[in-house]
Amino acid sequence: MSFVTGLKCRECGESYEIAALNVCEYCFGPLEVQYDYAGIKAAVSRETIEARPQNLWRYRELLPIETEPRIGLYSGYTPLVKAERLAAELGVDELYVKDDSVNHPTFSYKDRVVSVAITKAIELGFDTVSCASTGNLANSVSAHAARAGLRCFIFIPDNLEQGKVIGSGIYKPTTVAISGNYDDVNRLCTEIADKYKWAFVNINLRPFYTEGAKTYGFEVAEQLGWKLPQHMVIPTAGGTILPKVAKAFEELIDVGLVDAAPSRIYSAQAGGCAPVVNAIHRKSDLIEPVKPNTIAKSIAIGNPADGYYVIKAVEKSGGWGESVTDDEIIAGIHLLARTEGIFTEPAGGTTVAVTKKLIEQGRIPRDESIVISVTGNGYKTIEAVAPGIPKPQVIPAKLSDFDALYEAAGEPPLSDKAVNG
Amino acid sequence: MAVQVRIPTPLRKFTDGRDTVEIDGDSVSAIIANLDVKYPGLKDRICDEDGSVRRFVNLYVNGDDIRFLDNLTSAVKEGDEISIVPAIAGGR
């Protein structure tokens, strides 16, 4: 049974029936799914949720579907890694990495939002799904569409990493690359969505799609033992995940699954594309769009649709925003790999580097719990780090050659001393 | 000085269902003013009480966001295309 009561404009409050509709026709504000929270509170408990399969649908009362989940039965419930070596390096007591670099099936947090959007697309009777994407979303839509047997069109900027292009193409969608940046792709897709009436997961299905992002926050709280983290750092691109994690925490409190407690949320952006962080620093809620110029292509969105709501959520939580340079982003990727054995894409490097910066600034205290959001996988973006990785040394298959190499290298290159766990 | 203005679905009830209309004017603000003369009520949906573009509306001249041009005073000429696009879209 569903607890969804309808759609409502976040700005003017106008109500709408459930449909493939994302914009209020009166004020152009975004539409958001409404629920009967009293009903949900009566229907769920920690025990009912814990007894369910470990996928994102374990929180289904708080997700906007009417029928059984059609897709995403292996998506979500990714590890919350206790990051002790990274914590030692950053000089903090309690640090976790919420690791969506291993989300099923396409290795990014997008498998959450797409599972919800495509289930909704099927419920609403669509046979074609589509998206505007910087890569990860296209990968996820293509894979889920293949599994659901739906027609798929994806639209991407023409400068993406090879791994992201092939990582969609393998599922045989129709791929269209637009000469321009993501904001150009997005604008065109808004007009295509208007004309072709497909299920664009991040346009006309956006109210449902974004709800899927809440599961990232639900899981963090459940995995912490039904507690909110005191600090959580989240990357910002279009601005979907951060406000939805904030909403997830509020909903968990509202339906009685966690106790209310301060939980500060921080926005992480690349210096070469930081319209939201810039606005936070100006103490303004007006976003000035920028032309992106950063190695972190998956978060290179200069005109973030939900940027305003990121600012509001950060402000309400008592958090902050920071940006870092491309060099710091690369260093962040290396730091996470070297200390925790997790290889993330530049968006994750951004979050790691911003967390480091916020700790050094004293904005995040060293003795409170911190969660770093890793939302994408480094194996898709090897171009970003390839220049800094030494080529392997080639030797003949003879022990004497290895001995000579070992002698020449001196002290064996142990990266660090071992720790337990 | 006719400019093509692309109308998004939520505003087409003002334009008798047309997705593109031709409007005279030499700047974006002049186009919006003339649009409202021809299709009364449209300006209210695009601009707030102060006359600024609403938070959730983006305007483009030949594909360029007017915030990268001269905002509402951006010049337009014969044959240009203005798009009115709801801001809420996107993802990654």
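These legends describe close-up views of a predicted model.

**View 1. Helices α13 and α14 of chain A pack against each other.** Helix α13 covers residues 326-340, and helix α14 covers residues 346-360. Two packed helices are described by the angle between their axes and the distance between the axes. Here the angle is about 90 degrees and the axes are 7 Å apart. Angles of 65 to 115 degrees count as roughly perpendicular, so α13(A) and α14(A) are roughly perpendicular to each other. On the α13(A) side, the contact includes A:Ile329, A:Ile330, A:Ile333 and A:Leu336. On the α14(A) side, A:Pro346, A:Val352 and A:Ala353 are among the contact residues. The contact residues divide into nine nonpolar, four polar and one charged.

**View 2. Helices α10 and α12 of chain A cross at roughly 40 degrees.** Helix α10 spans residues 241-254, and helix α12 spans residues 307-317. Their axes come within 8 Å. That angle makes α10(A) oblique to α12(A). The crossing is left-handed. From α10(A), A:Leu242, A:Pro243 and A:Ala246 make the contact. From α12(A) come A:Tyr309, A:Val310, A:Ala313 and A:Ser317. Six of these residues are nonpolar, one is polar and none is charged.

**View 3. Strand β13 of chain A is largely enclosed by the rest of the structure.** Strand β13 covers residues 369-374. Five of its six residues are buried.

**View 4. Strand β13(A) pairs with β5(A) and is joined by bridges to β10(A).** Strand β5 (residues 94-99) pairs with β13(A) in the parallel sense, over six bridges. A:Asp99 stands opposite A:Val374. Strand β10 (residues 231-235) also runs parallel to β13(A), and three bridges join them. A:Val233 has A:Ile372 as its bridge partner.

Conventions
Residues numbered from 1 in each chain as written. Chains lettered and ligands numbered in written order. Predicted model: local features only at pLDDT ≥ 70, side-chain atom pairs only at ≥ 80, totals over all residues. Axes fitted to C-alpha atoms, helices over the stretch in contact; angles between N-to-C directions. Helix = DSSP H or I, 4+ residues; strand = E, 2+ residues; numbered from the N terminus. Parallel < 35°, antiparallel > 145°, perpendicular 65-115°, else oblique. Contact = placed C-beta atoms within 7 Å. Nonpolar A, V, L, I, M, F, W, Y, C, P; charged D, E, K, R; others polar. Left-handed = near helix turned anticlockwise from the far one by under 90°. Buried ≥ 20, exposed ≤ 12 C-beta atoms within 10 Å, placed from the backbone. Pairing = 2+ DSSP bridges.
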